[in-house]
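Colleague: I'd like to learn how to read a few features in this model. Could you take me through them one by one?

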Amino acid sequence: GRDGRVARSGVVLNDRPWRRPGTYCTIPSLHYHCRIMRLPNGRVRKFRRSSEDPGCAHELTFSCYRRLPLLSRDRTRRWSLESLDRARHEHDLELWAYVIMPEHAHVLFFPRNLEYRIRTILQAIKQPVMRRAINYLKEHNPGWLDRLCIKPGDSPHFWQPGGGYDRNINCAATAWHVVEYIHNNPVRRSLASCPTDWAWSSARWYAGLDDVVLPMDAAPPPR
């Protein structure tokens, strides 16, 4: 396993809140803010409000439109991981864990930069997948596009509108709990008998196996 591998970000973690060396801010424990707005047509929409604190890792969850299984094909899963790989390099993220499920995805990462925007990072991960998927459907299965529109004539959606779930994490024990939760998603859904049987997560990397689709940058620091 990789439990002893220390994150390269330079943070020092234990069961207490951590701070990135060289910063002087106090890091709150956990944050999840969500604002709810009722639209004129009666629909309810959630807006994620990020707490972009320097020195915090982030657990993100985002879902497909109407929880449709748009990530059930290997091609869309590969597109998602290719996009995640580009985003981590473009935004200097230390990727700690992920899983791609049929209708949603979980990602855990640590921003190396002191200043970052979760909204921009989410766009970098999600928009390329949406464009490739919509273009694929237009060419190969245009009848599916109607299911991705709120009403006829609207632009199709791939992802559920809104920012999804975002939690700040600032202690090692919590970070490792999130890693285990992410890796056990396919087992809880009876998609795999054990986490390493699911190719579309970081579980195989943590187990030290060779055939890993997307390697991690590091594991969270030791508990």
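Modeller: Let's begin with charges. A salt bridge here is a side-chain nitrogen of Lys or Arg within 4 Å of a carboxyl oxygen of Asp or Glu. Side chains of opposite charge can pair when their charged atoms come close. Keep in mind that this is a predicted model, where local features need pLDDT of at least 70 and side-chain atom pairs count only at pLDDT 80 or more, while totals for chains, interfaces and linings use all residues. Residues are numbered from 1 along each chain as its sequence is written, and side-chain values use heavy atoms, with hydrogens and water left out.

Colleague: How many salt bridges does a search of the whole structure find?

Modeller: The search turns up 11 salt bridges. Take R88 and D217, whose side chains meet at 3.2 Å, N to O. That pair links distant parts of the chain, since R88 is in helix α1 and D217 is in the segment after α4 (203-206), 129 residues apart. Helices (H or I, at least four residues) and strands (E, at least two) are DSSP runs numbered from the N terminus.

Colleague: Are R88 and D217 buried or exposed?

Modeller: Buried means under 20% relative accessible area, exposed means over 50%, and partly exposed is in between, using a 1.4 Å probe and protein chains only. R88 has a relative accessible area of 8%, so it is buried. D217 comes out at 12%, so it counts as buried as well.

Colleague: Which parts does the salt bridge between D92 and R112 tie together?

Modeller: First the distance: the side chains of D92 and R112 meet at 3.0 Å, N to O. D92 sits in the loop between α1 and β4 and R112 in the loop between β5 and α2, so this pair ties together parts that are 20 residues apart in sequence. D92 is partly exposed because its relative accessible area is 29%. R112 has 25%, so it is partly exposed too.

Colleague: And what about E103 and R67, where do they lie?

Modeller: E103 and R67 form a salt bridge at 4.0 Å, N to O. E103 is in the loop between β4 (93-100) and β5, and R67 is in the loop between β3 (57-63) and α1, so the pair joins parts 36 residues apart in sequence. At 8% relative accessibility E103 counts as buried, whereas R67, at 47%, counts as partly exposed. There's also a network of salt bridges here, linking R67, E103 and R189.

Colleague: Now rings. How many aromatic pairs does the search find?

Modeller: A pair of aromatic rings is described by the distance of the centres and the angle of the planes. Rings of Phe, Tyr and Trp (its six-membered ring) pair if their centres lie within 6.5 Å; planes under 30 degrees apart count as stacked, over 60 as edge-to-face and the rest as tilted. The whole structure has six aromatic pairs. One of them is W79 with Y136, edge-to-face, at 6.0 Å centre to centre and 65° between the planes. W79 lies in helix α1 and Y136 in helix α2, so the pair ties together parts 57 residues apart in sequence. W79 is buried, at 12% relative accessible area, and Y136 is partly exposed, at 26%.

Colleague: How are the rings of W176 and Y206 arranged?

Modeller: W176 and Y206 are edge-to-face, 5.8 Å centre to centre with 80° between the planes. W176 is in helix α3 and Y206 in helix α4, 30 residues apart. W176 counts as buried at 2% relative accessibility, and Y206 is buried at 7%. Elsewhere, ring pairs link F62, F158 and W159 into a cluster.
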